[in-house]
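Reader: I am new to this structure. Please take me closely through one part of it, the packing of the helices and the core they share.

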Amino acid sequence: MGCGMDWSDIKIFLAVARNGTLGAAARTLGQSQPTMGRRLKALEQAVGHALFQRTSDGFILTDEGSAVLAHAERMEEEALAFER
């Protein structure tokens, strides 16, 4: 699972997973929507799977995305514990 997912990618992934849209996720992280979209595509290519299903209502996690989410949340907990 250590396939080139760095912390900044994880943060983008988590923001999109939690906010459900690229726009809301971009606002949360203070990034531009095109940048977020590019990073997310690059992340999906690195993982070799689509992590989100893009629907008219926004982004829905795929099965692979759900697996990555569990991993990402563990990484986030470790990062937050490290910062304390």
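Author: What follows goes from helix pairs to the core, then to one loop.

This is a predicted model, in which local features need pLDDT of at least 70, side-chain atom pairs count only at pLDDT 80 or more, and totals for chains, interfaces and linings use all residues. Residues are numbered from 1 along each chain as its sequence is written, and side-chain values use heavy atoms, with hydrogens and water left out.

Start with helix α1 (residues 7-19) and helix α2 (residues 22-29). Helices here are DSSP runs of H or I with at least four residues, strands are runs of E with at least two, and both are numbered from the N terminus. The axes of α1 and α2 come within 8 Å and cross at roughly 130 degrees. Axes are lines fitted to C-alpha atoms, for helices over the stretch in contact; angles run from 0 to 180 degrees between N-to-C directions. The two helices are therefore oblique to each other. Angles under 35 degrees count as roughly parallel, over 145 as roughly antiparallel, 65 to 115 as roughly perpendicular, and the rest as oblique.

Contact means heavy atoms within 4.5 Å. From α1 come Lys11, Ile12, Ala15, Val16 and Asn19; from α2 come Leu22, Ala24, Ala25, Thr28 and Leu29.

Next comes α2 with helix α3 (residues 33-47). Their axes come within 9 Å and cross at roughly 105 degrees. That makes α2 roughly perpendicular to α3. Here Leu22, Gly23, Ala25, Ala26 and Leu29 of α2 meet Gln33, Met36, Gly37 and Leu40 of α3.

Now the core. The largest nonpolar core has 20 residues. Such a core is a set of buried Ala, Val, Leu, Ile, Met, Phe, Trp, Tyr and Cys residues joined through side-chain atoms within 4.5 Å. Buried means under 20% relative accessible area, exposed over 50%, and partly exposed in between, with a 1.4 Å probe and protein chains only. Phe13, Val16, Met36, Leu51 and Phe52 have the most contacts inside this core. α1, α2, α3 and α4 (63-83) each supply at least two of its residues. α1 gives the most, with six.

Take Leu51. Leaving out residues up to four places away in sequence, Leu51 touches Phe13, Leu43, Glu44, Ile60, Leu61, Thr62, Glu64, Gly65 and Val68.

Last, the loop between α3 and β1 (52-55) holds Gly48. Gly48 counts as exposed because its relative accessibility is 55%. Gly48 and Glu64 are 16 residues apart in sequence, and their C-alpha atoms are 9.6 Å apart in space.
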